[in-house]
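Thanks for coming. I have one structure to go through today, so please have the sequence and the coordinates open.

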Amino acid sequence: MLWNGWGDPDRAAPLPEPVVTLLRDLLGVRPASAPPVALADVSVPESRLPPGALIDLARIVGDRHVRADRESRVRHTRGKSTSDLLRLRSGEAVDAPDAVVLPGTHDEVLAVLRACAARRIAVVPFGGGTSVVGGLAPHGVEAFVALDLRRMDALVSVDEVSRTAVLEPGLRAPAAEALLAERGYTLGHFPQSYEWASIGGFAAARSSGQASAGYGRFDEMVVALTVATPEGTLDLGRAPRSAAGPDLRQLVLGSEGALGVITSVTVRVQPIPAARAYEGWRFASFAEGGAALRRLAQDGPLPAVLRLSDETETMVGLADPSALGGEPSGAGCLAVLGFEGTAERVAERRAGAADVLRAAGGEPLGAGPGEKWEHGRFDAPYLRDALLDAGAFAETLETAAFWSDVPALYEAVRAALTGALTGAGTPPLVMCHVSHVYPSGASLYFTVVSAQGDDPAGHWARAKRAASDAIVDVGGTISHHHGVGTDHRDWYAREIGPLGAAVLRAVKDRVDPAGILNPGVLVPPETPETPETGE
């Protein structure tokens, strides 16, 4: 992956000139003052590891699998939020890991954790490196290593009777799909980070794929886990469901490396669908389209993919990044539906959904919009890099709420983002879409574009705080699928309350008494810290 951006450098492309003109005229965007620095010029601090630590780690995983060179450390610095990238593009990597360790087995992970606990060296598990919430940015550590799990990348087994598969955590999603496809199966899990994210990362962050309406969230796919902690091994899950006490699998799912390192994941798999069909529908308003999606989510028939862009996102064309710079997408709100399964099932569900959408005021647009979305579904992060190159600031945030609270949540977050960034002198374009639906509610995914201004990271930190306050005040969750990390931790504490935070700290104290596992991530401290301002 590009060290200071997203994905494959060969796929990066500049913005079309009409988009550059629109950004200049609408938002006052001006070209970036300087190009990103070269990797060789990135400032990396001297290693803070205690004497002999690298030798001890090399004895566990082998000399070739302990790396302390500049490039390895830079490539494991933070994640892929816009604030992360701005720091790296400016040449600043003061919070780079002191070394990168690449274990090859569960036992090696256990040994690394025990060795680091003995020396009070923090450990940050690293999969695809795609966190956008500070999930790879430990707080208050003297020294830390990135535990890169890429060597643990096998499809261990497939149980065709139970339709489950055992996967190692460092297996990247495209490789997992390819290996499963050889046996005729799919996970059906395709988040926007799909091309680079790992199986362990999906589990650790409670990932939700774009086809969640049909296949479920990743945490719903997981039936068993193996977890390494400094205190030993957790083997969780011996049946698909159980009444034998609280489900400890759910304690690990979403734990973001703060409670242990996931070394094996058993997931349910499904046969590769024989037929797929994508299509677009237009609604007069976001409220009207939302009501139509709710009817499908509650009464069916439910497509595998169900998304709705608001008026601004539809007008700009962000629902189809490949179309940016072309003709405006028109008025109203674009909904994208995707159907998967047998040919008969696809035809039946398309017809049933069409009846519901027409009755709700929808206008069919044919296969074109849906197929364009499906073709460009992983392109948005590349667009973000191009916007940064052009001098624009682009970032996202997401949340979820019950259907009755979704309208107020939508308005509150839009107002918070617009007010904070306009007050900072960088008025934004705020776009939103419904990305995941449930019978009882839905998620909202916001995209924000503005001029970078004189302090883009600081401006965004203030806007993100305002939006996070609005989310919690209205009754939404601070994250639907990006996770908590360090960015959301203080609002997560408000969401679960003081007793919930104390329970989480008690669990961490038992499995990680030395406090080395991803310090500062997820688990609220007993004394809340002042949120970072970015200034």
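First, the ground rules. This is a predicted model, in which local features need pLDDT of at least 70 and side-chain atom pairs count only at pLDDT 80 or more, while totals for chains, interfaces and linings use all residues. Residues are numbered from 1 along each chain as its sequence is written, and side-chain values use heavy atoms, with hydrogens and water left out.

Now the overall figures. The protein has 18 helices and 18 strands; these are DSSP runs numbered from the N terminus, helices being H or I with at least four residues and strands E with at least two. The C-alpha trace spans about 70 × 60 × 45 Å along its principal axes. For 535 residues a compact globule would have a radius of gyration near 24 Å, and the protein, at 23 Å, agrees with that. That radius is taken over C-alpha atoms, and the globule rule is 2.2 Å times the number of residues to the power 0.38.

On burial, 56% of the 535 residues count as buried. Buried means under 20% relative accessible area, exposed means over 50%, and partly exposed is in between, with a 1.4 Å probe and protein chains only. The accessible surface comes to about 21,600 Å², and 53% of it belongs to carbon and sulfur atoms. Those areas come from the Shrake-Rupley method with a 1.4 Å probe, and for residues only the protein chains shown count as cover.

On contacts, meaning heavy atoms within 4.5 Å, take the pairs at least 6 apart in sequence: 76% of these contacts join residues at least 24 apart.

Next, charges. There are 49 positive and 66 negative side chains, and the centres of the two sets lie 3 Å apart. Lys and Arg count as positive, Asp and Glu as negative, and His and the chain ends are not counted. Each charge is placed at NZ of Lys, CZ of Arg, CG of Asp or CD of Glu.

How many salt bridges does a search of the whole structure find? The search gives 25, where a salt bridge is a side-chain nitrogen of Lys or Arg within 4 Å of a carboxyl oxygen of Asp or Glu.

Arginine 151 and glutamate 108 meet in a salt bridge at 3.7 Å, N to O. Arginine 151 lies in the loop between strand 4 (144–148) and strand 5 (155–159), and glutamate 108 is in helix 5 (residues 106–119), so the pair ties together parts that are 43 residues apart in sequence. Arginine 151 is partly exposed at 31% relative accessible area, whereas glutamate 108 is buried at 18%.

The second pair is aspartate 148 and arginine 150, at 2.8 Å, N to O. Here aspartate 148 is buried, at 1%, and arginine 150 is partly exposed, at 44%.

The network of salt bridges links Arg78, Asp84, Arg87 and Asp95.

That leaves the single residues. Alanine 93 sits in the loop between helix 4 (82–89) and strand 2 (99–101). Its relative accessibility is 0%, which counts as buried. Leaving out residues up to four places away in sequence, alanine 93 touches Val42, Ser43, Val44, Pro45, Thr77 and Leu88. Arginine 78, a member of the network, is 15 residues from alanine 93 in sequence and 8.7 Å away, C-alpha to C-alpha.

Arginine 349 is in helix 13 (residues 343–359) and is partly exposed, at 25%. With residues up to four places away again left out, arginine 349 touches Pro301, Leu302 and Phe339.

Aspartate 512 is in the segment after helix 18 (489–511). Is aspartate 512 buried or exposed? At 1% relative accessibility, aspartate 512 counts as buried. Beyond its neighbours within four places in sequence, aspartate 512 is in contact with Pro230, Ala258 and Leu517.

Last, alanine 287, in helix 11 (residues 286–299), is exposed at 60%. Its C-alpha atom is 9.4 Å from that of cysteine 333, 46 residues apart along the chain.
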